[in-house]
Amino acid sequence: MLRVLGVDPGLTRCGVGVVEVTPDRRARLVHVTVVRTPADMALEQRLVLIASGIAEQIETHHPDAVAVERVFAQANVRTVMGTAQAAGLALHAAAVRGIPVGLHTPSEVKAAVTGYGNADKRQVQAMIARVLGLAEAPKPADAADALALAVCHAWRLGAPDAVSTGTGTLTPAQRAWRDAQAGTTGRSAASPINRAASPLQRAEAAARRASSSAAAPRLGA
C-alpha cells in the first residue's frame, strides 16, 4: 500500500490531502485539511503558517511520496506568484525529509481522476468522492484538489509510463507498490474503482500533450 500526500498550493487556502492506495488502485481517505492564512497578514508570516501546516501533516502521516501541483504562468501574476511560493514550501518540506516528490499539471490530474483533461472542478470533486467512497466531496475545492493530486500520483506511479518522482529513485514502499500493481492490474480490472479509472491510459496521453502548452488553468478554475 502506498501513502501519498497531495498539496494544492495557495496563499489563502492550501489544500493538503493524504490517501492510501492499494496495488489494485483502490484508494482510501486518510486525512484532508486546508491550511488557511488571512489576506491582511504580512506575506512572510503567511508563508510561515503554510510551511508549518504542511510540515505538521507530513510529520503526522508519514507519506511515502508527496504530490504537488505544477504551477503555470497565468494572466494574474500576483495569484501565480503566491501559488508558486506555497508550492515551493511543499517541495522544501518533502526534500528535507528525503520524501520523493511528483509534480503534476492540472490537466494531468483531471485526466487521471475523470478521464478528461478539461474537466471542470465539479466533475473532479464528484469523481474524487466516488474514488474514495465518500458520500460527498470534501470542501472547499482546495481539499478535493489535494486529494485528486495524491490519487493521480499513486495511479501514475503504478502505470507502465510512470512519471518521475523528481529524485530519480523510488522508495522501498514505492517499488513494492509498483511491482505489486503490475501483478494485480489484470485481476482487478473489473473493480468499481478501476472501472472509474478505465480511461486513464488514453487520457494521460492527451493530458501530456495539453500540459505542453504555455498556460493551463488551475484545478479550481
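What is the mean pLDDT of the chain, and what percentage of its residues reach 70 or more? In this predicted model, the mean is 80, and 69% of residues reach that value.

**Confidence.** Colour the chain by pLDDT and select helix H1 (residues 43–61), which has the highest mean pLDDT among the elements, 98. Then select helix H7 (residues 192–196), where the mean is the lowest, 40. Two stretches call for caution. Over residues 160–168 pLDDT stays under 50, and the model has 18 contacts for them beyond four places in sequence. Residues 185–218 are also below 50, with 61 contacts in the model beyond near neighbours in sequence. Where pLDDT is low, the predicted coordinates should not be read in detail.

**Helix pair.** Next, display H3 (residues 106–114) with H5 (residues 141–157); their axes come within 9 Å and cross at roughly 75 degrees. H3 is therefore roughly perpendicular to H5. Show the side chains of Glu 108, Val 109, Ala 112 and Val 113 on H3, together with Ala 148, Leu 149, Val 151, Cys 152, Trp 155 and Arg 156 on H5, which make the contact. By class, this contact has eight nonpolar residues, two charged and no polar.

**Backbone geometry.** Most residues other than glycine have a negative phi, and most peptide bonds are trans. Move to the loop between H4 (121–132) and H5, where Pro 140 lies. A cis peptide bond, with omega about 0 degrees, joins Lys 139 to Pro 140.

Select Arg 25, in the loop between strands S2 (13–21) and S3 (27–36). Its phi is positive, about 75 degrees, and Arg 25 is buried, at 10% relative accessible area.

Finish at His 62, between H1 and strand S4 (65–69). His 62 has a positive phi of about 45 degrees and is exposed, at 56% relative accessible area.

Note on methods
Residues are numbered from 1 along each chain as its sequence is written. Side-chain values use heavy atoms; hydrogens and water are left out. Axes are lines fitted to C-alpha atoms, for helices over the stretch in contact, and angles run from 0 to 180 degrees between N-to-C directions. Helices (H or I, at least four residues) and strands (E, at least two) are DSSP runs, numbered from the N terminus. Angles under 35 degrees count as roughly parallel, over 145 as roughly antiparallel, 65 to 115 as roughly perpendicular and the rest as oblique. Contact means heavy atoms within 4.5 Å. Ala, Val, Leu, Ile, Met, Phe, Trp, Tyr, Cys and Pro count as nonpolar, Asp, Glu, Lys and Arg as charged, and the others, Gly among them, as polar. pLDDT is the predictor's confidence in each residue, from 0 to 100. Buried means under 20% relative accessible area, exposed over 50%, partly exposed in between (1.4 Å probe, protein chains only).
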